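These are my notebook entries on a structure that I am reading for the first time. I set down each thing I looked up, one topic at a time.

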Amino acid sequence: MKDNKKVGIVVTQFEAGGAQKAAINLANGLSQMGNEVILFFLYKKSEWQYQVADGVEIVFLVEDRCFFSKLFLVPLRFNKLLRLHRLSCIISFTHYANIYSALFGKINKIPVIASHRNPLFSYPLIAKLFDKLFYNLGFYSHLTYVSTSTKESFVNNGYTEDTPSTVIYNSVDVELFDRSLIDEYVTKNYLVVVGRLSVQKNHLFLLDAFSLSSYKGVLIIIGDGELREDVENKIVQLGLGERVVLIPNVPNKLIPSIMHYSDAYLMPSLFEGMSNALLEAIAVGARIITSDIPSQREAVLTDQGYCCATLLPLNEKSEWAETLNELDNNKINNEACIKLKTRYSHANFISSFNRVIEGVVDAP
């Protein structure tokens, strides 16, 4: 950026998630360029370890999930902090953070860059209504979308180019791989799936498909969430106790290595915006098997049409099982992986947001 700025980055909840990782990557990158960055979380949903640059200040508006706190204390404290810090701009991640930022950014005359991380149909009704209202009122200075497919879901519902918008893909930075660091989690051949245990991630379907396969290794499921009990019950119901390893929490920095050494990274999601875990799998050159949905297809296809993954139809258990049976025949397109690693570079991610920030802050 031309001049150092004071940037507030706002995320709804602190937990292990793609939006949180993207926000922290952005905060670190802006801070390393000499900008003052404050990372606001409306509330703390769970504990998780992220690598945050020394220059980034983290603020939790409330540290509990109490409905009263989120309804009354969050807006009061957020408005007070915005008056105090005199930010150059706000960048908000996730739908409730977008809504709070739009309202209190307008009140405090701070330009707001809203980042949409998932397709519009996945938003709660109240979030859809307020987001569209604030969009129509001009409370957003700029919209960013995590993928073209995500943008299309908004454009198809009346979000025009009256407000400037930009598609900015997530970025991935992976560390050196060290097999010895992951041996405490797995000591044999394995498949891996990473993600919150929720309906969106489609774990129950994957367990059904895995039970039909003849794959000899284990399936590692990394993640926790509201469907944990359902996943555990499904494992018992299908008699997969010896074939499935459920790990709620793995240090974030080890996940790329776990993907790298797997026989395949699996992602049967029903919908996504642009999955960080998928981009990490691409970056480490893992064999990828994913659901054939718009955002996933966009993520694994190069501009020239080369694909670095096996795309499978949603909810076709037999086809997923057959693919697992033939893993040795599923080759990785290294050329596609190399091209996509450039697309999802940290430098591209930071420079794209820099341009948006400059345009918003320097606008007349």
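This is a predicted model: local features need pLDDT of at least 70, side-chain atom pairs count only at pLDDT 80 or more; totals for chains, interfaces and linings use all residues.

**Entry 1: a pair of helices.** In which sense, left-handed or right-handed, does H3 cross H4? I found that the crossing of H3 past H4 is left-handed. I then looked up the geometry: H3 covers residues 95-107 and H4 covers residues 125-136. Their axes lie 10 Å apart, and the two helices pack at an angle of about 35 degrees.

I next listed the residues in contact. From H3 I recorded His95, Tyr96, Asn98, Ile99, Ala102 and Leu103. On the H4 side, they meet Ile126, Ala127, Phe130, Asp131 and Phe134. Sorted by class, this contact comprises eight nonpolar residues, two polar ones and one charged one.

**Entry 2: the sheet.** I read the order S3-S2-S1-S4-S5-S6-S7 in an open sheet of seven strands, with parallel pairing. At the edges I found S3 (56-62) and S7 (165-167), each of which pairs on one side only. On average, neighbouring strands in this sheet are turned by 20 degrees against each other, direction ignored. As background, I note that strands of a sheet pair through backbone hydrogen bonds, either parallel or antiparallel.

I then followed S1 (residues 6-14) to its two partners. S1 and S2 run parallel and are joined by eight bridges. In this pairing I located Phe14 opposite Lys44 of S2. Between S1 and S4 (residues 89-93), also parallel, I recorded five bridges. There, Ile9 stands opposite Ile91 of S4.

Entry 3: I asked how many residues of S2 (residues 36-44) are buried. Eight of its nine residues are, so S2 is largely enclosed by the rest of the structure. I also looked up helix H2 (residues 67-85), which lies across S1, S2, S3 and S4. H2 runs at about 145 degrees to S3.

**Entry 4: helix H9.** Is H9 (residues 276-283) mostly covered or mostly open? I found it mostly covered, with eight of its eight residues buried. Among them are Asn276 and Glu280, as well as Leu278, Leu279 and Ile282.

Key:
Residues are numbered from 1 along each chain as its sequence is written. Side-chain values use heavy atoms; hydrogens and water are left out. Axes are lines fitted to C-alpha atoms, for helices over the stretch in contact, and angles run from 0 to 180 degrees between N-to-C directions. Helices (H or I, at least four residues) and strands (E, at least two) are DSSP runs, numbered from the N terminus. A crossing is left-handed if the near helix is turned anticlockwise from the far one by less than a right angle, and right-handed if clockwise. Contact means heavy atoms within 4.5 Å. Ala, Val, Leu, Ile, Met, Phe, Trp, Tyr, Cys and Pro count as nonpolar, Asp, Glu, Lys and Arg as charged, and the others, Gly among them, as polar. Buried means under 20% relative accessible area, exposed over 50%, partly exposed in between (1.4 Å probe, protein chains only). Two strands pair if DSSP finds at least two bridges between them.
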